[in-house]
Amino acid sequence: MIWIIIALIFSFVLTIIVLIYLLSLIIGLIWARGVPFVSLSKKQLRAVDKNIKLKPDDKVVDLGCGDARVLRMFEKQGVKDLTGYEINFWAYLLAKIKNKLLKSKSKVYFKNFKKVDLSEYNVIFCYLLDYYLNSLKEKFDKELKPGTKIISHSFSIKNWHKPEKIERMFVYRI
Ligand SMILES: C[S@@+](CC[C@H](N)C(=O)[O-])C[C@H]1O[C@@H](n2cnc3c(N)ncnc32)[C@H](O)[C@@H]1O
């Protein structure tokens, strides 16, 4: 009898987890206009770490932070002020759990970064798709202060400043 109860509880918990995952996937994709939750691989992360050296007093934001691995990597470089915004609830949950387990002080919010004033950050990291990046041009022009660095992984913003290409990153300076 006890085994039947344990099996029932286990299947219930599993069903809830699968439901959260599937709903997050579908709703997240709709909200993010097709930008999926795909994290940088360990190799890609190492390349970012090798090529982008930040200062402890930088104010860093990851637009669509996924499980916040980029923030934790910059934290290891000594950066203190790190924030991520994520719209996929599953990715947000993973970020919160991993930050807790790995004792990271980076802040992660379940929020659309388009509704956030970006003027307080001097380093912007993003790994989005090109059409999505292009829709951010106006926001960047309006909110980013001179001296802000934008690191866009894999995709560039068309006809907008001249980026420096470092491995697979496009680095812009306002
Ligand atoms: C390709 S993943 C990158 C994850 C992480 N930055 C990394 O490099 O490992 C892009 C993430 O951006 C999120 N995203 C897209 N648009 C967003 C928005 N407007 N607000 C918050 N998150 C968004 C997606 O849900 C997705 O998880």
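**A first look around**

Tutor: Strands here are DSSP runs of E with at least two residues, helices are runs of H or I with at least four, and both are numbered from the N terminus. This is a predicted model, where local features need pLDDT of at least 70, side-chain atom pairs count only at pLDDT 80 or more, and totals for chains, interfaces and linings use all residues. Residues are numbered from 1 along each chain as its sequence is written.

Student: OK, and in what sense do β1 and β4 pair?

Tutor: Strand β1 (residues 59–63) and β4 pair in the parallel sense, over four bridges. Two strands count as paired if DSSP finds at least two bridges between them.

Student: How many bridges join β4 to β5?

Tutor: Four bridges, and β4 and β5 (residues 149–153) run parallel. Within that pairing, Ile124 stands opposite Ile150 in β5.

Student: Are the faces of β4 covered or open?

Tutor: Both faces of β4 (residues 123–126) are covered. Val123 and Phe125 are buried on one side, Ile124 and Cys126 on the other. Buried means 20 or more other C-beta atoms lie within 10 Å of the residue's own; exposed means 12 or fewer, partly exposed is in between, and the C-beta atoms are placed from the backbone.

Student: Which residues touch the most other members of the largest nonpolar core?

Tutor: Val60 and Ile124, out of 36 residues in that core. A nonpolar core is a set of buried Ala, Val, Leu, Ile, Met, Phe, Trp, Tyr and Cys residues joined through C-beta atoms within 7 Å. β1, α3 (69–76), β2 (81–86), α4 (89–101), β4, β5 and β7 (169–173) each supply at least two residues of this core. α4 gives the most, with five residues.

Student: Why would residues like that gather?

Tutor: In soluble globular proteins, nonpolar side chains tend to be buried together.

Student: What is Val60 in contact with, leaving aside its neighbours within four places in sequence?

Tutor: Val60 is in contact with Leu54, Phe74, Val79, Asp81, Leu82, Tyr121, Val123 and Phe125. Contact means the two C-beta atoms, placed from the backbone, lie within 7 Å.

Student: Let's switch to helices. How many residues does α4 have?

Tutor: α4 has 13 residues and reaches 18 Å from its first C-alpha to its last, close to the 18 Å expected. The expected span is 1.5 Å times one less than the number of residues. The buried residues of α4 are Trp90, Ala91, Tyr92, Leu94, Ala95 and Asn99. They pack against α1 (2–31), β2 and β3 (107–110).

Student: And why is α3 described as largely enclosed?

Tutor: Because seven of its eight residues are buried. Those are Arg69, Val70, Leu71, Arg72, Met73, Phe74 and Glu75. The buried residues of α3 pack against α2 (42–51), β1, β2 and β4. After α3 comes Gly78, with a positive phi near 110°.

Student: What about the ligand, which residues are closest to it?

Tutor: Ala32, Phe37, Gly64, Gly66 and Ile87 are the closest of the 23 residues that surround the ligand. Being near it means a C-beta atom, placed from the backbone, within 6 Å. α3 and β2 are the elements that give two or more residues to this shell. By class, the shell has 13 nonpolar, six polar and four charged residues. Ala, Val, Leu, Ile, Met, Phe, Trp, Tyr, Cys and Pro count as nonpolar, Asp, Glu, Lys and Arg as charged, and the others, Gly among them, as polar.

Student: Now the loops: where is Asn159?

Tutor: Asn159 lies in the loop between β5 and β6 (164–166). Asn159 counts as exposed because it has 7 C-beta neighbours inside 10 Å. Its phi is positive, about 50°, although it is not a glycine.
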